[in-house]
Amino acid sequence: MAQVLIALAPALIAAVVRGGVTAAASLAAALSVAWGVQCFFLRRAAFHESALVTAAIFALTLPATAPWWLSALGAAIAVSLGKHLGGGAGNSLFNSAALARAVLMGLAPGLLFAPRWPAADGITAASPLAKEVDSVATPLLDLLLGQHPGSLAEAAPLAVLAGGLFLVAVRAIEGRVPLVYFATVSLFALFLPAGDRIAGHAPWLAHNALLHIASGGVLLTGFFMLTDPVTAPFTPRGRMLFAALAGAATMLARFYTPYPDAAVLAVLLANACVPAIDARTIPREALS
Amino acid sequence: MKPWDAVFLAAAAGLFLQRPRAWWLAAAAPLLALAAQPLGTFAGPAAALAAVLVAPRFAPAALLLAAGHYTGWADAARASAVWLAVSALLASMEERFEEVSPRLRGAPIRLFATGVLYYALLPVAYL
């Protein structure tokens with residue numbers, strides 16, 4: 001878990017540099033509330049790495065100008081509902097950060113799920129993944145440098161990538177999981193026929209694999225959410241299927257629904273499929 | 001009732017019923033409800049009766065499915081397909097439901113999982 005915190009550090013620093021005081025307050029609120037809620041549930045004050053990792057990942061899914069209380073509320077939901085009430089420690093059915101994000105999407109869709117997110121400089125503009133009438137293409141270099149409106153994780157995709165590669169290098173995560181996820185996203189991006197919204201309003205989203213990997217929550221999802229060992233299948237083959245399923249769901253939502261990005265929802269759907277995947281991939285002799 | 005709400009209420013109800021062998025027949029309820037719409041004021045009772053007759057031992061789930069307001073055959077077919085998929089997913093999670101902390105076993109964890117799937121699958125409603 002300490003390695004995951006180290007891996008998240010570049011993305012967190014980049015988020016603060018880009019988002020300034022608002023982003024710093026949002027991250028601080030998420031981390032402190034997650035720690036407090038974890039202490040409450042475990043009835044002891046200690047350094048709870050897993051709660052901090054969950055809070056940091058959740059906070060990175062928020063828009064750059066999200067108010068601190070929204071971040072605090074989400075962190076409380078992630079640790080209480082995701083980690084403790086959603087199955088108990090080590091038995092969570094769903095990824096806690098993705099769950100908190102989904103709950104807030106239901107409670108405050110206007111704040112979390114607007115196709116027009118405010119950028120860090122306060123100017124409201126369409127997300128690169130929006131399929132609106134006045135959408136404009138974002139150059140790939142701008143995407144990689146975080147020069148567009150989006151979530152805190154999108155402030156520095158290269159920092160998220162560096163953190164993810166660090167985790168793969170130190171073998172803290174299985175590299176094949178993000179690889180299969182990114183490969184599925186790329187294949188779908190290249191070969192899926194464009195839906196009406198894309199063809200009409202944002203044709204640059206079709207057949208553009210790099211854009212789909214660099215934007216939205218794909219990098220964060222691939223490296224930090226799908227690799228959560230508690231909510232992933234047991235077998236390597238199962239985890240490949242799990243990652244492919246999440247990639248397919250992410251891209252089907254991007255191509256054929258009004259959702260700009262549904263990566264976290266794809267994670268939850270893949271989590272729900274884990275028992276079914278396990279039932280088909282765990283050898284029978286291992287079960288008996 | 002919105003079709004999406006009807007589908008997930010039916011899926012939640014199905015979790016508390018003993019599943020007959022032909023539970024999946026309840027998936028016909030949205031199509032029957034749509035077929036009954038030309039009957040005007042009799043549409044509701046007729047759809048309810050048809051839904052119960054199709055899946056008598058899964059009647060609460062079928063009735064909830066029939067209560068949705070479907071705007072066309074595609075809408076009704078999508079509701080049937082989503083309900084089948086969600087019900088099958090929730091059934092596959094039964095073993096995991098038993099592994100959670102004892103305080104959460106039973107209704108709380110089942111309803112929680114249904115609620116999460118409600119949002120996780122929401123993009124399907126816009127396909």
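At what angle do helix α2 and helix α4 of chain A pack, and how far apart are their axes? Before I answer, please note that this is a predicted model, in which local features need pLDDT of at least 70, side-chain atom pairs count only at pLDDT 80 or more, and totals for chains, interfaces and linings use all residues. Residues are numbered from 1 along each chain as its sequence is written, while chains are lettered from A in the order in which they are written.

Helix α2, residues 49–60, and helix α4, residues 96–107, both of chain A, pack at about 45°, with axes 8 Å apart. On the α2(A) side the contact is made by A:T54, A:I57 and A:F58, and on the α4(A) side by A:S96, A:A97, A:A100 and A:R101, where contact asks for C-beta atoms, placed from the backbone, within 7 Å.

Let me turn to helix α13 of chain A, residues 263–272, where 10 of the 10 residues are buried, that is, each has 20 or more other C-beta atoms within 10 Å of its own. Among what covers these buried residues are α4, α11, α12 and α14 of chain A, together with α5 and α7 of chain B.

That brings me to the two chains, whose contact takes 25 residues from chain A and 19 from chain B. On the side of chain B that touches chain A, α5, α6 and α7 each supply at least two residues, and the largest share, six residues, comes from α7(B).

Notes: Axes are lines fitted to C-alpha atoms, for helices over the stretch in contact, and angles run from 0 to 180 degrees between N-to-C directions. Helices (H or I, at least four residues) and strands (E, at least two) are DSSP runs, numbered from the N terminus. A residue is buried if 20 or more other C-beta atoms lie within 10 Å of its own, exposed if 12 or fewer, and partly exposed in between; C-beta atoms are placed from the backbone.
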